[in-house]
Each structure stands twice: as structure tokens, then as C-alpha cells.
Amino acid sequence: MRPVHNPTQSSPQKAKGKRGQGEANFSFPQNAPGSGRLLAKTQSSCEQTPLLFPSPSMEFAKRHERENISGRKGQKRKLEEDLDDERPISFPSPGDDDRETLLCEVGAQVNVLNTTFSWTEADRAAAKRATHVLAELAKNEEVVNVIVDGGAVPALVRHLQPPPLSEGDCSSKPFEHEVEKGSAFALGLLAVKPEHQQLIVDNGALPHLVDLLKRHRDSSSSRAVNSVIRRAADAITNLAHENSRIKTRVRLEGGIPPLVWLLQFSDPKVQRAAAGALRTLAFKNDENKNQIVECNALPTLILMLRSEDAAIHYEAVGVIGNLVHSSPNIKKEVLIAGALQPVVGLLSSCCSESQREAALLLGQFAATDSDCKVHIVQRGAVLPLIEMLQSPEVQLREMSAFALGRLAQDTHNQAGIAHNGGLMPLLKLLDSKNGSLQHNAAFALYGLADNEDNVSDFIKVGGVQKLQDGEFIVQATKDCVAKTLKRLEEKIHGRVLSHLLYLMRVAENAVQRRIALALAHLCSPEDQGIIFIDNNGLELLLGLLGSTSLKQQLDGSIALFKLSNKAMTLSSVDAAPPSPTPQVYLGEQFVNNPTLSDVTFLVEGKRFYAHRICLLASSDAFRAMFDGGYREKDARDIEIPNIRWEVFELMMRFIYTGSVDVTLNIAQDLLRAADQYLLEALKRLCEYTIAQDISSDNVSNMYELSDAFHALSLRHTCILYILEQFDKLSARPRYSQLIQRIIPEIREYFTKTLTRPNPRDSRL
């Protein structure tokens, strides 16, 4: 048998064990740490965007999957936490050989209960002992089903009420309250298994448990009275846990008014138990919520928020959280009743569970309206929430990020959160492997990015790179990050751009590089010349590319490639310069046609008939050949060495028609011929065809080819390919030398591209 665990935890940790907490609080995107209440929708347009705003219902479902088991075990610890002075009883686990033994033991104790329903001292002692034995057995979840199968439920329910007094009997009542307490304790443990909740209720437990809540009215306060009340409240908590029908039954049986009254009880343990039950009953049950509020629970709950007992304010904030969830009217009543300041105060509590609950509740309050967001900040919530972002406890980090995300939907709060140091902790949370924590942080950063005063700080600390490089777990977070980058991009103008340019000139080198990297991705094409030429941004990026750090080289290459895309450079074919001489095309019918031919070329022993007038107009090379002092000027037959017939014929066809289909297998030879005869337009066609075949395996050779034949367009295509594929190429041998070699070419390319006439050059 699993040994009985007798906790020695502090009060806050004991409070954490209550099973009712499973329904207490937490919500937010996937896998947030624990809340049974969903978050109300706001009217903010950005919060209405499904991709950005957390999905509380999804979070609640996933949170319960994770919390249920620990919540049930925690409730057992809570129920076991004070067993008076009874000695623990140990039984073996119910293996195949022991089940019958356990059934016999259970049967014996049930028989005792069934035969001792009287006020005699012997019967009361035996009944007390029997409830104790059954409770000890029920601490082992493996035994619970055996206890229920043995018929313990009806017997225990019967002993929730005192036995009848004989007529005229006014003698003392031995073990008064003790047997009822033991029965409530045992039933509470059996109810930890949801499949037994309805059976216990169907056997009539609820009316008796509600009566036990009122036991103090008929007896003077004592430890026994307090204990039986507390056990009854704990049993109600477990019976109603995630069971909407039983929650409603508790209300119909009149259980809510006494529980509300017990919030003011002198014994703090009773207060905690009553609050725990109300917390469970309020979860996703509007009728129960309304009755709790109608019974005037709010003033007492708000006073409990200020209690120095961490367990009490933890339970109180949990009840309030479940009351306001999806109930805007109750939320307003809670705020009017003065809950805001004590909830803000709990952010600094020594109890992390209360901090967590308070942060979630403030997030819900912040969804009410813009004024409430401002009031929360004015009352001092921002600094403790930012401190919680750096807590070692993931749930605290998650809930504080959630609350800050809600607060960051207000413009003034956005600047305040960033100014008080919230930006860096939120960016660090993007590295978390917890999808919900990532999403909370991303949503908060989305809000901060909406304020122009934050943009420079966002970029200065490397926030853009963090967003770009992050590995995000869920699609909603990826969408949120994309929208944040878009929001930042929309702010890069006017005073924001002026400030960034100032920093790029005077800040330390690391900051200058971060700004240059960010602006390469975010700036508009019209501002590229101002940023990267006039303010030295290009040299900062080239400095990264020439760094010995592979990460800096990669960042620089990505930024330069992005910059080239934004520059909207023309395609290789379109970039061809106009012919230096007016072009005359004789047409396809004159290609290699002896009619009117006045010159013949000899290529690989074959004759090609041509026309001087057409060749003179096609390029300066032919003009020099026929008008200059060369011997070809008057020759009738001109021999052409080192060119294949297919290549020469295609080149001449281009001269006569202005267009040809250049295939990959002939493109390089045709490029050589076009370069030799200064046919720039044909060179561009060849470069374009060759460029389609560039790969990681041949880009080095292609670059050498472009260099050999002055193929500027092909050279630029190779440069952009190297920048785009830098991550793959950098791991290959000899490519690092190539990359360093082409840096001057990159500088020349971007200088030429970014200094084109710009109608907005004088804007700043």
C-alpha cells in the first residue's frame, strides 16, 4: 500500500492541495497553468482577432488534463492533514490475492456502522473506529472501488446525522460530532473518484452535509464542531468537483447560504474550507454565482483578500476569480465593492499561488474597459508583474505575461510597461518550451509594439531578431509574432526613424548593428538610400558579413538579401542596357541567305552569308571590323575561329531578328560569343538562362564565369544567391573565402541599387 502522506507544509501549500483548486483559475492560450474560469471577451479590435488573442476555453480544457491528477492527490493531502490523534492503519494494496481480504475488512466495518446507530458509548466508539478505518483505507485510491463495492457508502451517509435520542433521554452524547466528522471525511475521500460522486449524492448525502455546515448553531464552538463543519465543506467540494448536476443540487439543498456565512467564522480553517467549496460551486454555474453574490459574499471575500493568512487570501481570490469569469455584471460588482487594490496587493504576496491567481484576475479585470486597465497600472500592478516574469515558477511567469498582455492593449500602459523594464523579460520568455507561456509573452509584445515610444527600445535590445529567430510551438503564436513585426514595420517613419538613425550614428557598435539589421527587414524601399547609404547602414551590414562570427555573418547575409528584395531591382533580362547603336533587324528571311549578301563568314568549314549593314548596326565590334583599319574591312570571306557553328548561327539569328531561344546547353558558349562581339542584349539573355541553373554546387563556378565575361547581371544573381543560401553554403569548404572576396562586389551592387533617384529623398 502506498504510505499515508501527512503533510508538514505551510498554509499556502496546504491550500494548494485542495481539490477545488482544480476549478479555480487560470486561462489563456494552450496549456496555461490552471484556471477553471474562462476569460471574457473584450471590445478591442485586436483582442477580437482569433490569431492573436488567447483562447481561454482551450486553455481551460488542457489545463484540467494536466492538473486533475495532482489536484485529486492534493485534496487527499488536505483531507488527511489533521486526523486528530488517531493512529494510522495500514492495509496491503488490493492485488488479486488481497481483494477478498479487503472486501471482508470493508464488510466488517460496514456491518459495525449498520449495527451501531445509537447514542450508547460503545456503539459510538465502534462507529467512530469504523469510519476511521474506512477513511484510512480510502487514502489509497486503489482501494476506493473495493470500499464502494463493499457497501460503505449507504452506511457512511447514514452516520452523517446523529442517531435519534430515546424519549426522555437527556444524558451526555458520547463522541458527539466525531462519528459525523469521520463519515464526512471518508465520503470526501471516496468522492475523489468522479464515478462515485453521484452514488454518494443518490444515497442522500447532500442534505446531511448541508446540515453539518450549520452544526455550530446548535452547539458551542469547539474543535470537534469546527472539524465536522470543515469536513462537511471539504466533502461538498469533492462531490461537486467538475460535476455540474451536483453543483446545482447543492444550491437546491440550501448549501450556499451557510457556506457564505462560514466565510466569517472564527476558525480560519473553516473559512478556508467554506471558500474552497464556494470556489468549486461558482465555477461555470451562473445560478450558483448569482446566489453567492446575493448572499452578500463579496464584502467578506474582499476582506479575506487582505488577510495575513496566505491560505485564506488564496482561497478568496480563487472564489472571486470563478465568480467574475464570463460574468461581466458580477465583475462590475466586484470592482465596485473594492476588490481591485487588494488584488493588486496580492501580486507581492509571499504565496506564489495567490500571486498567480491575482495576476490572472487582473487580466480578467483588464478586459472590462480601457479605464480599468489604466486604474490597475495606477495602483501599482506593473512592477510586481514584471518581477513575476522572472520567477522560477513557470505558472507565475505565464500569468504575469497574460496580465501584462491585457494591460498592454492601452496606449499609455504600453509605454509604462516598457519603461519599467518589461520588454527584456518578455522577449526572454519567447525562448520557453512552454507553448502557452510563449503565446502569452508574444501577445504582450504585440501590445507593446503598438506604441511609437517603444519601437526604438524594441529594436535597440534586439527584439526584432528575437521575433525572427524564435522557434514557436503553436501556430497562433507564429501568427501573433508576424503581426507584431508588421506593426513595427508600420512605425518605421517620421520621428521613430529619425531616432533610429541617430542611434545608428552615436550608439555603441552592438546597438548600431542591431538597428541596421532590423531596418533592413522593416524599412520601406523609399527610405533605404537614407538609411544604408547616407547613414552608413550598408557598411554595418557588410561588417557583419565580414565578421569571424558565423551567426553575425548569417544575420548580415539575411538582412542584405531582404534589402535587395525590398529594393525591387529589375530582373536580369529587363536590366539589359539599350544598344549603343540604333538597332536594325532585317528579319528571319535574311538569316544565312546569299540574296544581297556582301560578306561571308567561314565557321567550322561552313559558309554563313551575312549583310554588312545589319552587322554594322548590331554592335561596336562589327562596326570596328568593317569601318576600322582591320583587314576584314574589305574581305569577302572572313574566317571565324574558336566558335562552333551552332553558337555562331544562333548569335547571327539574334542580330537579324532581335530574339532567340537560348537553351542551357548552349548558353555559356553563346555568352562567350556575345561578350566577344559586344552584343549586350544577347549577353543578358544568356545570363538569364544560366542564372536559372545556379545551385549550391555550381554557384562558385558561375561567379567565376560572370567575372570572366563581364556578365554583370549573372554576377549580381550569384551574389544574391550566396546571400540567400548563406546558411547552407557557409558549411562548404572554400566558400568562406569566396564570401569574403565578393564583399566589394556586394558593396558596389547595393551602392548602385540604393542610390537610384528617389522622389522621397528629401522627406527627412
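Here is a friendly conversation about how some words are applied to this predicted model.

Reader: What should I know before we start?
Author: This is a predicted model, in which local features need pLDDT of at least 70, side-chain atom pairs count only at pLDDT 80 or more, and totals for chains, interfaces and linings use all residues. Residues are numbered from 1 along each chain as its sequence is written, and side-chain values use heavy atoms, with hydrogens and water left out.

Reader: How many helices and strands are there in the protein chain?
Author: The protein chain has 42 helices and three strands. Both are DSSP runs numbered from the N terminus: helices are H or I with at least four residues, strands are E with at least two.

Reader: Why is Lys566 called buried?
Author: Buried means under 20% relative accessible area, exposed means over 50%, and partly exposed lies in between (1.4 Å probe, protein chains only). Lys566 has a relative accessible area of 12%, so Lys566 is buried. Across the protein chain, buried residues make up 57% of the 764 residues.

Reader: What is Lys566 in contact with, leaving aside its neighbours within four places in sequence?
Author: Contact means heavy atoms within 4.5 Å. Lys566, which sits in helix H33, is in contact with Glu489, Ala520, His521, Leu522, Cys523, Pro525 and Gln528.

Reader: Why does Arg129 count as partly exposed?
Author: Arg129 has 46% relative accessibility, so Arg129 counts as partly exposed. You will find Arg129 in helix H4 (residues 121–138).

Reader: Which residues of H28 are buried, and what covers them?
Author: Among the buried residues of H28 are Ala476, Val481, Leu485 and Leu488. The cover includes helix H25 (435–448), helix H26 (452–460), helix H27 (463–469) and helix H30 (509–522).

Reader: How do you describe the way H30 and H33 pack?
Author: Two packed helices are described by the angle between their axes and the distance between the axes. H30 and helix H33 (residues 550–566) pack at an angle of about 35 degrees, with axes 8 Å apart. Axes are lines fitted to C-alpha atoms, for helices over the stretch in contact, and angles run from 0 to 180 degrees between N-to-C directions.

Reader: Is the crossing of H30 and H33 left-handed or right-handed?
Author: The crossing of H30 and H33 is left-handed. A crossing gets that name if the near helix is turned anticlockwise from the far one by less than a right angle, and is right-handed if clockwise.

Reader: Which residues meet there?
Author: Arg513, Leu517, Ala520, His521 and Leu522 in H30 meet residues of H33 including Asp555, Ile558 and Lys562.

Reader: What makes the phi of Leu596 worth a look?
Author: Most residues other than glycine have a negative phi. Leu596 has a positive phi of about 60 degrees although it is not a glycine. Leu596 is in the loop between H33 and strand E1 (599–603), and at 69% relative accessibility Leu596 counts as exposed.

Reader: Why is Glu604 called exposed?
Author: Glu604 has a relative accessible area of 53%, so Glu604 is exposed. Glu604 lies in the loop between E1 and strand E2 (606–610), and has a positive phi of about 50 degrees although it is not a glycine.
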